[in-house]
Amino acid sequence: MTDVIRIRDLAWRAGREFAIRELAMTVPTGAIYGFLGPNGSGKTTTIRLMLGMLPAEDGTIEVLGHSVPRYAHRALERIGYVPERLHLYQGLTVDESIRFHRAFYKDFDDAEAERLRKRFALREDQLVQRLSKGEAGKLMMLLALSQRAELLVLDEPTDGLDPVIRREVLGALVEYVDSRKATVFISSHLVHEQERICDWVGVMDGGRLIAELPMQEFRSGIKRLRVSQAPPVGDATPFALLSRESLNAQHEEWVVRGWQPEMREWFQRAGADVREIQDLDLEESFVELLRGARTPSTTEIR
Amino acid sequence: MFGQILYTQVKWSRTAVAILSIVTFATPALFWRMVHEGFFGQNSAMEVMNGFEALGPMLVAFAVFAGLLLVAQPWAVDSAARHVYPLALPLPWRKYVAMRFGAGALLLVIPAITLWLGSLLVLALIEIPATLRGYPGTLALRYLLGSLLAYSAVFALQYLSGRRAAHLLLGILIGLVVVALAAEFSGNTALLYSVVNRLIHWPGPLAVFGDSWMLIDV
């Protein structure tokens, strides 16, 4: 098995307001897959569909070789899940929460749970309902990591945490991935955080996956060009045009994906010239991808 | 797994179960104490029967309340987090629901036992005329079945999906309205009584509530 998650033609609808359409996604084994997208783009819904918490209208979902939702419970035995909001029972203490959780996972690592509890400075007798947001985030991460899961599904795990706690949580995550070679699926709208740890990126917008590519390609393949005598764009362009904007009568600014240096020749053949090529940082690339996907004249990026 | 589900149920419901247990233990004795000056002395068969007459409906109300309470507490906890935790656990939903049902049902046994003990205590304290007999076990069993029935019905409604539960409730309500309207327009209230009788007498689904809930009877 080379892919941990395979989703094809997924469709889901919530009234008339929001729909996921023809979603296809592949997460390779061992990847740290960053699932990016603005708020409300469908990231959490996709995760819930992926874990069998919501029934899809159409399409197929396979997680760790199990068809979801039918065999979601088998996949969930090997998945550590941290949802965006605290989902644990509020009336239990930290220790009771650990004991409750342990009962459902046969590979649960007690020693690791205790080590992480001390590292995260969580008191055994603290009530879950009295935990701060950061402490609650750490407890959820503790439980997910102590399961010895093959796949970690983390939905905005550091959202709203202060930088110190965020660093602690991400540190524990990176250690876990290093030692267990687990696959991580991490959803976030914090682009810079994803840039540091992820090797694959999927970008979601308006219920569609508008890009899925290795981080290296995402980081280096999106450029801003200053073009003089800009030619019309047809089907034969060797790159994907995300946006074009007129600067003056002679110059345009283009944002393209899949740029290679030899593509300058295409402009020269069309009687144009590329005057300047700028690298975009990840956040700019992300914004340009969204802009491109929302502009009807540009092509969808897959 | 079941041990932990039961543990959470005990944590959420222990205060309610403790209060219910004290109430069901004390109710037979308090009831008798309110009707009579004291526990001791000669009483006629009629006095004893009258003394306990209203105990049955009160226990029916307690049984229904206990059933509702033990569903409402775990449901409120799970629905506060939109059921994300149980859905994320590695077991089929129906298995989780079965264990959650079992945990609540198990706790319902405690007030039934205390009712039985409280009834035994009263029977030990009062003098029963020779023509009458005490039925503490039967009363406690009826109480248990009544609370289990209420618990099961509400549990089934809550843990079905919202839409299905709404359809089921709507169907029952429409059925009752149709029967009531038919009785009103035809002037034939026998139809309504007939429906109610079919519900609360064997083999009707609510037959346990239609039975005699007497601690002391002939």
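Two residues are in contact when they have heavy atoms within 4.5 Å of each other.

## The model

This is a predicted model, in which local features need pLDDT of at least 70, side-chain atom pairs count only at pLDDT 80 or more, and totals for chains, interfaces and linings use all residues. Residues are numbered from 1 along each chain as its sequence is written, chains are lettered from A and ligands numbered from 1 in the order in which they are written, and side-chain values use heavy atoms, with hydrogens and water left out.

## Two domains in chain A

The domain assignment, which is automatic or from a database, divides chain A into domain 1 (3-214) and domain 2 (221-294). The C-alpha centres of domain 1 and domain 2 of chain A are 36 Å apart. Where they meet, 13 residues of domain 1 of chain A are in contact with nine residues of domain 2 of chain A.

The size of an interface is often given as the accessible area lost when the parts come together. Buried area here is the accessible area (1.4 Å probe) that two parts lose on being put together, summed over both. For domain 1 and domain 2 of chain A, this area is about 970 Å², with 74% of it on carbon and sulfur atoms.

## Chain A as a whole

Chain A contains 10 helices and 14 strands. Helices (H or I, at least four residues) and strands (E, at least two) are DSSP runs, numbered from the N terminus. The C-alpha trace of chain A spans about 70 × 40 × 35 Å along its principal axes.

Of the 302 residues in chain A, 55% are buried; buried means under 20% relative accessible area, exposed over 50%, and partly exposed in between (1.4 Å probe, protein chains only). Among contacts in chain A with a separation of 6 or more, 70% join residues 24 or more positions apart.

## Helix H1

How many residues of helix H1 (residues 43-50) of chain A are buried? Eight of its eight residues are, and the helix is mostly covered. The buried residues of H1(A) include A:Lys43 and A:Arg48, along with A:Ile47, A:Leu49 and A:Met50. After H1(A) comes A:Gly52, with a positive phi near 80 degrees.

Most residues other than glycine have a negative phi, and most peptide bonds are trans. A:Glu22 has a positive phi, near 45 degrees, and is not a glycine. A:Glu22 sits in strand S2 (residues 18-28) of chain A, and is exposed, with a relative accessible area of 67%. A:Glu156, also not a glycine, has a positive phi of about 45 degrees. This residue lies in the loop between strand S7 (151-155) and helix H6 (163-180) of chain A. A:Glu156 is buried, at a relative accessible area of 8%.

The peptide bond from A:Val68 to A:Pro69 is cis, with omega near 15 degrees. A:Pro69 belongs to the loop between strand S5 (66-68) and helix H2 (72-76) of chain A. In chain B, the bond from B:Trp202 to B:Pro203 is cis, with omega near 10 degrees. B:Pro203 is in the loop between helix H8 (189-200) and helix H9 (207-210) of chain B.

## Where chain B meets chain A

Chain B has 23 residues in contact with 20 residues of chain A. Between the two chains about 2,100 Å² is buried, and carbon and sulfur atoms give 68% of this area. Which residues of chain B lose the most area to chain A? They are B:Gln4, B:Tyr85 and B:Pro90, which together make up 33% of what that side buries.
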